[in-house]
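Reader: I have a model open and want to talk it through. Can you take me from the fold down to single side chains?

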Amino acid sequence: QLGDTFYLVLPYYEGGTLQKWLAQEPAPSRERIRTVFRSLCQAITFLHTNSVVHADVKPENVFMSGEDQPILGDFDIARDASFLSATTQATLHAPGS
C-alpha cells in the first residue's frame, strides 16, 4: 500500500505458462510430463479438499518455475464448493474422478 493505493505483487515465473513450456518442449520426457501432471493433480486435490473449485484449469493458467514446477494461477472464477451437496463433494475428493 502506498497512500490510498493498493498494489498486488505477484512472483515472476521464468518458465512462463505451461502452454509456452509445451511449445518450447514439443517432446518432453515421460518423466517430466509425469512430474508436472502429478504436481498439478496435487494442487487441484488440495483445492478440492478445501472446498475450492478452480473452474478454469488450462495450460495458459499454469505457470512454470525454472525447475519444471507448475504453479496453478488465475483464480478469477474459482468458487467456494462448501455449499455443494455431500455427494458432489465426495466426487470432488475421490481419487480418479
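Reader: What pattern does the protein follow along the sequence?
Author: The pattern is α-α-β-β-β-β-α, which gives three helices and four strands. Helices (H or I, at least four residues) and strands (E, at least two) are DSSP runs, numbered from the N terminus.

Reader: Where does the model come from, and what are the ground rules?
Author: This is a predicted model, where local features need pLDDT of at least 70, side-chain atom pairs count only at pLDDT 80 or more, and totals for chains, interfaces and linings use all residues. Residues are numbered from 1 along each chain as its sequence is written, and side-chain values use heavy atoms, with hydrogens and water left out.

Reader: How much of the protein counts as buried?
Author: Of its 97 residues, 24% do. Buried means under 20% relative accessible area, exposed over 50%, and partly exposed in between, with a 1.4 Å probe and protein chains only.

Reader: Which residues make up the largest nonpolar core?
Author: Eight of them: L18, W21, V36, L40, L47, V62, M64 and L72. A nonpolar core is a set of buried Ala, Val, Leu, Ile, Met, Phe, Trp, Tyr and Cys residues joined through side-chain atoms within 4.5 Å.

Reader: Which element gives the most to this core?
Author: α2, with three residues. Helices α1 and α2 (30-49) and strand β2 each supply at least two.

Reader: And what is V36 in contact with?
Author: Leaving aside neighbours within four places in sequence, V36 contacts L18, W21, M64, D68 and P70. Contact means heavy atoms within 4.5 Å.

Reader: Switching to H54. Where does it lie?
Author: H54 is in the loop between β1 (52-53) and β2 (62-64).

Reader: Buried or exposed?
Author: H54 counts as buried because its relative accessibility is 3%. Beyond four places in sequence, H54 touches residues including L47, L72, F75 and I77.

Reader: What does the side chain of H54 reach?
Author: The backbone nitrogen of V57 at 3.4 Å, and the backbone oxygen of D74 at 3.1 Å.

Reader: Now rings. How many aromatic pairs does the count come to?
Author: One. Y13 and F63 are stacked, at 6.4 Å centre to centre with 25 degrees between the planes. Rings of Phe, Tyr and Trp (its six-membered ring) pair if their centres lie within 6.5 Å; planes under 30 degrees apart count as stacked, over 60 as edge-to-face and the rest as tilted.

Reader: Where do the two partners sit?
Author: Y13 is in the segment before α1 (18-24) and F63 is in strand β2, 50 residues apart. Y13 counts as partly exposed because its relative accessibility is 26%, and F63 counts as partly exposed at 28%.

Note on methods:
A polar contact is a pair of N or O atoms within 3.5 Å; within protein, one must be able to donate a hydrogen and the other to accept it, and residues adjacent in sequence count only if both atoms are side-chain atoms.
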